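Thank you all for making the time.

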Amino acid sequence: RHMGFRVNELLGLAFNSVSDECPVFIKEEFEAKSLKVYGSIYLESQPAKAYIKRIKGVIDRAPLKWRSQIGPDFARTVPIIDEELWNILVRRYEAQCALWDERKYGNLKESYLLFDKAQACPYRGLIREAYISIGLESSGTHVLRHTLSTQWTAFKISEKVSELVLGHKADAHKLYVHIVGQINSERLKAAPMPRFRKNVEN
């Protein structure tokens, strides 16, 4: 929920997509909102099929959603703003580095996945169990992207940066602005203190 990846994008992340750097304009956008950036993930492609498997060590890949090609001009860079998540990614990175050093899956770095052997169906099952454990009806995994988009809109992350990071269509941001407006309106009704009202209106 902190990265906003679609399931196939997440499970297909190669180990070399993790970086302790982040493009300056993205980092500045988040840190100006007091959101510390620990590193980033660079994403150019996703597995071509929902069931991920290697054929002779190679994972067939396709462009990201709403992208026509694979390459730097069609890539996304996602900032990591949660320390616990960053530590998990670093541990997964180090584990895949060991396999890379052995060349276990050949010479293509894209074949060494951060979440090796993970598949969509079990992952969705875990998310479903998480919903149930907190007393919510399961809404699937994609709703977590919507939640993140709404949070970023509330933090006033710029429309352009949000679209670039999450890989949305250009008009998607308008939906989240509307949702945040509704949330803030309800907050005002629930707690109409002058200080709170001032913060919401700003």
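Let me begin with a term: a residue is called buried when its relative accessible area is under 20%, exposed when that area is over 50%, and partly exposed in between, using a 1.4 Å probe and protein chains only. Helices (H or I, at least four residues) and strands (E, at least two) are DSSP runs, numbered from the N terminus. What you see is a predicted model, in which local features need pLDDT of at least 70 and side-chain atom pairs count only at pLDDT 80 or more, while totals for chains, interfaces and linings use all residues. Residues are numbered from 1 along each chain as its sequence is written, and side-chain values use heavy atoms, with hydrogens and water left out.

In outline, the protein chain holds eight helices and five strands, and from the N terminus on the elements run α-β-α-β-β-β-β-α-α-α-α-α-α. Of its 202 residues, 40% count as buried.

Now to helix α2, residues 24–31, whose buried residues are Ile26, Glu29 and Phe30. Viewed down the axis of α2, these buried residues fall within an arc of 90° (taken from the directions from the helix axis to the C-beta atoms), so they line one face of the helix. Val24 and Glu28, on the other side of α2, are exposed. The cover over the buried residues of α2 includes β5 (76–80), α5 (142–154) and α6 (159–166), where contact means heavy atoms within 4.5 Å.

What does Phe30 touch, leaving out residues up to four places away in sequence? Its contacts are Leu35, Val37, Pro79, Ile81, Trp152, Ile157 and Val161.

Phe30 also belongs to the largest nonpolar core, which has 31 residues, and there Met3, Phe5, Phe30, Ile41 and Leu89 touch the most other members. By nonpolar core I mean a set of buried Ala, Val, Leu, Ile, Met, Phe, Trp, Tyr and Cys residues joined through side-chain atoms within 4.5 Å. At least two residues of this core come from each of α2, β2 (39–43), β5, α3 (83–102), α5 and α6, and the largest share, six residues, is supplied by α3. Apart from this core lies another, of six residues, among them Val7, Leu11, Ile52 and Ala120.

Turning to the strands, three of them form an open sheet in the order β1-β2-β5, with antiparallel pairing; two strands pair if DSSP finds at least two bridges between them. Because β1 (18–19) and β5 stand at the edges, each with a single partner strand, one side of each is left without a neighbour in the sheet. Five bridges join β2 and β5, and the bridge partner of Tyr42 in β5 is Thr77.

Finally, a word on confidence, for which pLDDT is the predictor's value for each residue, from 0 to 100. The protein chain has a mean pLDDT of 80, and 82% of its residues reach 70 or more. Confidence is highest in strand β4 (residues 61–63), at 95, and lowest in helix α8 (residues 194–201), at a mean of 38. Over residues 175–181 the pLDDT is below 50, and over residues 190–202 pLDDT stays under 50. Where pLDDT is low, the predicted coordinates should not be read in detail.
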